Amino acid sequence: MKRHANVTWKGSLVEGSGSLDTQSGALSGLPLGFKARFEDESGKTGTNPEELIAGAHAGCFAMQLSHMLAGNDTPAVKLDVRADVSLQPAEGGGFEITKSALTLVGSVPGLDEAKFIEIAKKAKASCPVSKALGAIEITLDAKYG
């Protein structure tokens with residue numbers, strides 16, 4: 001399986017801008033720009049690579065955990081997952097992604113909290129996006145409720 005996304009960028013990093021389109025069409029003409037990446041913490045001026053990685057990580061982890069819970073005969077009623085991806089200045093200049101912090105609140109009838117957290121940790125480790133992000137720290141804060 002392969003999936004793709006296209007970005008068209010015009011101009012320099014700071015003054016330029018771009019747009020992102022995904023194969024599915026779910027994202028079409030989504031604006032990209034320096035301000036969205038480095039200046040606008042509200043996220044209202046467009047997206048950036050870190051936000052897209054966070055979305056991919058949260059989605060992948062939720063799907064992997066859902067699959068593992070169903071395989072345990074304890075399907076989830078609801079899983080709320082958030083991923084916070086950290087971008088920081090790198091030693092020697094530039095920037096680097098250093099961390100993806102997953103936060104999970106799950107409702108899984110018939111499963112105790114300890115087993116829920118155990119399965120969530122396994123899902124974090126086996127999610128394909130977690131594996132792809134192996135060069136950075138990945139944390140999980142899981143709550144049952």
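Guide: We can go through the strands, then the pockets, then a few single residues.

Visitor: What kind of model is this, and what cut-offs apply?
Guide: This is a predicted model, where local features need pLDDT of at least 70, side-chain atom pairs count only at pLDDT 80 or more, and totals for chains, interfaces and linings use all residues. Residues are numbered from 1 along each chain as its sequence is written, and side-chain values use heavy atoms, with hydrogens and water left out.

Visitor: Sheets, then. In what order do S1, S2 and S3 sit?
Guide: The order is S1-S2-S3, in an open sheet of three strands with antiparallel pairing. Strands here are DSSP runs of E with at least two residues, helices are runs of H or I with at least four, and both are numbered from the N terminus. Two strands pair if DSSP finds at least two bridges between them.

Visitor: Which strands stand at the edges there?
Guide: S1 and S3 (30-33) do; each has a single partner strand, so one side of each is left without a neighbour in the sheet. The twist averages 25° from one strand to the next. For that angle, axes are lines fitted to C-alpha atoms (for helices, over the stretch in contact), and angles run from 0 to 180 degrees between N-to-C directions.

Visitor: How many bridges between S1 and S2?
Guide: Six, in the antiparallel sense, between S1 (residues 5-10) and S2 (residues 17-22). Lys-10 has Ser-17 of S2 as its bridge partner, and Thr-8 has Ser-19 of S2. The two strands make a hairpin with six residues between them, and Gly-11 in the turn has a positive phi of about 95°.

Visitor: And what is the pairing in the sheet with S4, S5 and S6?
Guide: Mixed; that sheet is open too, with three strands in the order S4-S5-S6.

Visitor: Which pair is parallel and which is antiparallel?
Guide: S4 and S5 (residues 95-107) pair in the antiparallel sense over 12 bridges, while S5 and S6 pair in the parallel sense over eight bridges. Leu-79 stands opposite Gly-106 in S5, and Lys-99 stands opposite Glu-137 in S6. S4 and S5 also form a hairpin, with five residues between them and a positive phi of about 85° at Gly-92 in the turn.

Visitor: Which elements supply the lining?
Guide: H1 (34-39), H2 (49-71) and S4 (78-89) each supply at least two residues. The largest share, six residues, comes from S4.

Visitor: How does the lining of the largest pocket divide by class?
Guide: Seven nonpolar, five polar and nine charged. Ala, Val, Leu, Ile, Met, Phe, Trp, Tyr, Cys and Pro count as nonpolar, Asp, Glu, Lys and Arg as charged, and the others, Gly among them, as polar.

Visitor: What about the second largest pocket?
Guide: That pocket holds about 370 Å³ of space. Its lining residues include Met-1, Arg-3, His-4 and Leu-27. By class, the lining has four nonpolar, four polar and one charged residues.

Visitor: Are Cys-60 and Cys-127 buried or exposed?
Guide: Cys-60 is buried at 15% relative accessible area, and Cys-127 is buried at 0%. Buried means under 20%, exposed over 50%, and partly exposed in between (1.4 Å probe, protein chains only).

Visitor: Where is His-67?
Guide: His-67 is in H2 and counts as exposed because its relative accessibility is 57%. His-67 and Leu-30 are 37 residues apart in sequence and 30 Å apart in space, C-alpha to C-alpha.

Visitor: Last one: what is the phi of Asp-73?
Guide: It is positive, about 60°, although Asp-73 is not a glycine. Asp-73 lies in the loop between H2 and S4 and is exposed, with a relative accessible area of 70%.

Technical notes
1 Å grid on protein atoms, 1.4 Å probe; cavity = no way out; pocket = protein on both sides within 12 Å on 5 of 7 lines; lining within 4 Å. Points joined across faces, edges and corners; volume = space filled by probe spheres on them.
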